[in-house]
Amino acid sequence: MTSRLVAVSDLDRNRLADGKKLIEEYYSGKMGKNYLKVKMYEDYHEMLADSDIDAVIISTPDHWHAQPAMEAALAGKDIYLQKPTSLTIQEGRQLSDLVHRQGVILQLGTQQRSSPQFRIAAELVRNGRIGRLHTVK
């Protein structure tokens, strides 16, 4: 089974249109033609109700990760969630328990540390370019 992005959801109509365009241009470039039309949802609840969607990527502001993730789990969707998982231990525990009960997959990730500036900074530290490191807080 091949995975592909088929929908985007955002309250901001400009960001919604930008997301749709980005995904469609990616697939057009990869396939050499207009490969698919991405569905747009201003309300993510409608997207979660779409039976054609079996997984979601949640990249909301930090304070709003757990709620849509729990709703996605309840809708039976597998979830890729940007960090942080939650703002409180209780909220994280609720999400974890729900994911286990629903039998969906939850993967937590961050691309921040793979960005060029973080990789370069780590290389500078490892190679002693900033001097001798003695304390990290």
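Colleague: Buried means under 20% relative accessible area, exposed over 50%, and partly exposed in between, with a 1.4 Å probe and protein chains only; on that scale, is His 65 buried or exposed?

Modeller: This is a predicted model, in which local features need pLDDT of at least 70 and side-chain atom pairs count only at pLDDT 80 or more, while totals for chains, interfaces and linings use all residues. Residues are numbered from 1 along each chain as its sequence is written, and side-chain values use heavy atoms, with hydrogens and water left out. His 65 counts as buried, because its relative accessibility is 1%.

Colleague: Where is His 65 found, and what does it touch?

Modeller: His 65 is in the loop between strand S3 (55-58) and helix H3 (66-74), where helices (H or I, at least four residues) and strands (E, at least two) are DSSP runs numbered from the N terminus. Not counting residues up to four places away in sequence, His 65 touches Ile 58, Thr 60, Leu 81, Gln 82, Lys 83, Pro 84 and Thr 85, a contact being heavy atoms within 4.5 Å.

Colleague: And H3, how many of its residues are buried?

Modeller: Seven of the nine residues of H3 are buried, so the helix is mostly covered; among them are Met 70 and Glu 71. The buried residues of H3 pack against helix H2 (44-48), S3, strand S4 (78-82) and helix H4 (89-102). After H3 comes Gly 76, which has a positive phi near 80 degrees.

Colleague: Switching to charges, how many salt bridges are found in the whole structure?

Modeller: The search finds eight, taking a salt bridge as a side-chain nitrogen of Lys or Arg within 4 Å of a carboxyl oxygen of Asp or Glu. In one of them Arg 13 pairs with Glu 42, with the closest N and O atoms 2.8 Å apart. Arg 13 lies in helix H1 and Glu 42 in the loop between strand S2 (39-41) and H2, so this pair ties together parts that are 29 residues apart in sequence. Arg 13 is exposed at 59% relative accessible area, whereas Glu 42 is partly exposed at 36%.

Colleague: Which side chain meets Glu 24 in a salt bridge?

Modeller: That is Lys 20, at 2.6 Å from N to O, and the two are separated by about one helical turn because they are four residues apart in helix H1. Glu 24 is buried, with a relative accessible area of 14%, and, leaving aside its neighbours within four places in sequence, Glu 24 is in contact with Leu 36, Lys 37 and Val 38.
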